[in-house]
Amino acid sequence: MAAPLINIKEVSYEYEQTKALDHISMAVEEGDFLAILGPNGSGKSTLLKIMLGLIRPSEGSVELFGVDSRQFKHREWIGYVSQKSNSFNSAFPATVQEVVAGGLAKKAGLFHKLPKNTAQQVEEALNAVGMKSFKNRSISELSGGQQQRVFIARALVAKPKVLILDEPTVGIDVQNVQAFYDMLAALNRERNITLVLVTHDVDTVTDRISHVACLNQTIHFHGFKDQLHMMSDEEREAWYGHSVRKIHHTEGSHTHA
Amino acid sequence: MLDAILSYEFLQNAFASGLIIGVIAPLLGVFIVVRRLSLIADALSHVTLAGIAGSLYLSQSVGALALLNPLYLGIASSVMGSMLIERLRSVYKHYEELAIPIILSAGIGFGAIFISLAEGFSSDLFGYLFGTVSAVSRQDLFIVAGIAVIVLAFIRIFFKELFVLSFDDEYARASGLPAKWIHFLFMIVTALVIAGSMRIVGILLVSSLMTIPVATAMRVAKSFKQTIWLSILFGEISVLTGLVTAFYFDLAPGGTIVVTSIAILLVILAYRKISLSKKRGAAA
Ligand SMILES: Nc1ncnc2c1ncn2[C@@H]1O[C@H](COP(=O)(O)OP(=O)(O)OP(=O)(O)O)[C@@H](O)[C@H]1O
Ligand SMILES: [Mg+2]
């Protein structure tokens, strides 16, 4: 069997005062659509940042596409949409088109210009998120939800094999959240893009995902979503600290805790 | 004016340097402004002052250094200052902006000591503080031209990386761009531009030539590329108008250049306001 695309081995991470991750091991295989669930502060964003190489684990190691992440050279294979980008500079004078083209920078390579068909690739990516007609608009004049779609287009434009998304639907309205997850599911199905998604939209996402990971410093569950009902109430309690929505297909239709 | 330029070497030097600076200062300034590093430009210019004052002092007291162009020490201290700022920014992780007042006061502190140690270069010093039309040498021009080649090459080679890094540095790092290295080079290039622009606009006003034309351009530009071109355009208009006025009325060019750039800014702001209220009027 081919190596997992992302292989986390015994990873721990501590911030100056807080322990965020405690001996996490988990593998993401090609074609997975994985949702990482957990309460606020459970280490979800930290785990994604470790996958992306933005921070180094205090202990343990990460392999990407079978290669130790420190030696991994093809970051353009991994697209990233960060949690409600506060890292980006909101008054930046650039068009949507320019921002999305930035997603091709790594793929084009240092000392190389962006490819000739950049405009066309950007258009395709914007089309996939329903933002084609905004391509000449200024990024700072879009709503939060529209900006988020542009950032997804920026992640898609380099045709990544894996897409890592941290609460991408924050600020997107309910109808569009549905459409957004349909879009992700289509990317997963049709282009075989592996997806790692952190979200609190448990109900909306369950129909579309293949795998679930329940995180709270440690992994409380990781596997096919249909096996999630095997988690006992005590295990759930240990994971979330209080009772949580059960994922609906355990009891047929939507059940609320 | 044209025959004056043709017949006086000093004017050729000043205008040629001015034209070059009018391109590179706003060009780099675009990245400085969007990355919110304007204050770093200020801190570095004051560190350059320390280098210049130190060099002027050394050339008085150490015979062998009498002919050394103060720009060299100015450039060296500016580059050193930029690295110190980076160092301090990583030490004070959560108070990154603290690095700026620390370096800025260090620059003024050393500058003041060297200035009081050596007496009698007040006219030279005035030129370095507020710019000069008459004292730009051929050598100064060559240094400025050399700096321009470095800056233009840097921006041309790393344009896409600089763009991504300026827009969203976390994304730049996550996508595997060598963000750290490019930022490091960027700081050095910034130090060079500041030291180079200083001859014409003066230490105290260097950062304005890097920021005001950009502030103006951002009010009207529709894209990042447009912001760059308009910044350069506004920068050039300011430098040329400023130099001509400074020459005719015997004023410090730093002052006339910066005042012109502020005038352009006001015109653009007023124009925006009028066109906006017209639009509203038409809509109502
Ligand atoms: N930059 C930081 N410095 C110090 N501690 C941090 C930092 N970022 C996160 N933490 C801490 O690490 C823990 C995990 O944070 P993380 O951001 O990974 O949680 P999360 O699961 O993404 O939460 P949320 O659902 O709110 O996004 C938290 O206790 C948090 O306080
Ligand atoms: Mg988070």
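In this predicted model, the largest pocket has a volume of about 2,200 Å³. Its lining counts 50 residues, and those closest to the centre are L54(A), D169(B), R173(B), A179(B) and K180(B). Chain A supplies at least two lining residues from each of β1 (6–14) and α1. The top contributor is α10(B), with five residues. By class, the lining has 21 charged, 20 nonpolar and nine polar residues.

The second largest pocket holds about 820 Å³ of space. Closest to its centre, among 24 lining residues, are K113(A), R156(B), F159(B), K160(B) and K225(B). Two or more residues come from each of α2 of chain A and α2 (9–34), α7 (138–157), α8 and α12 (224–249) of chain B. Here α12(B) gives the most, with five residues. This lining has 15 nonpolar, four polar and five charged residues.

Now the interface. In chain A, 32 residues are in contact with 29 residues of chain B. The two chains bury about 2,600 Å² between them, and carbon and sulfur atoms give 62% of that area. On the chain A side, L54(A), F92(A) and P93(A) lose the most area, together 22% of what that side buries.

What polar links cross the interface? Six residue pairs are in polar contact. One salt bridge is found: R154(A) meets D168(B) at 3.3 Å, N to O. On the chain A side, α1 (44–52), α2 (96–101), α3 (105–108) and α5 (144–156) each supply at least two residues. Of these, α3(A) gives the most, with three residues.

Definitions and conventions. Residues are numbered from 1 along each chain as its sequence is written. Chains are lettered from A and ligands numbered from 1 in the order in which they are written. This is a predicted model: local features need pLDDT of at least 70, side-chain atom pairs count only at pLDDT 80 or more; totals for chains, interfaces and linings use all residues. Side-chain values use heavy atoms; hydrogens and water are left out. Contact means heavy atoms within 4.5 Å. Buried area is the accessible area (1.4 Å probe) that two parts lose on being put together, summed over both. A salt bridge is a side-chain nitrogen of Lys or Arg within 4 Å of a carboxyl oxygen of Asp or Glu. A polar contact is a pair of N or O atoms within 3.5 Å; within protein, one must be able to donate a hydrogen and the other to accept it, and residues adjacent in sequence count only if both atoms are side-chain atoms. Helices (H or I, at least four residues) and strands (E, at least two) are DSSP runs, numbered from the N terminus. On a 1 Å grid over the protein atoms alone, a cavity is a set of points where a 1.4 Å probe fits but cannot get out, and a pocket is an open set with protein on both sides within 12 Å along at least five of seven lines; lining residues have an atom within 4 Å of a point. Grid points are joined across faces, edges and corners, and a volume is the space filled by probe spheres set on the points. Ala, Val, Leu, Ile, Met, Phe, Trp, Tyr, Cys and Pro count as nonpolar, Asp, Glu, Lys and Arg as charged, and the others, Gly among them, as polar.
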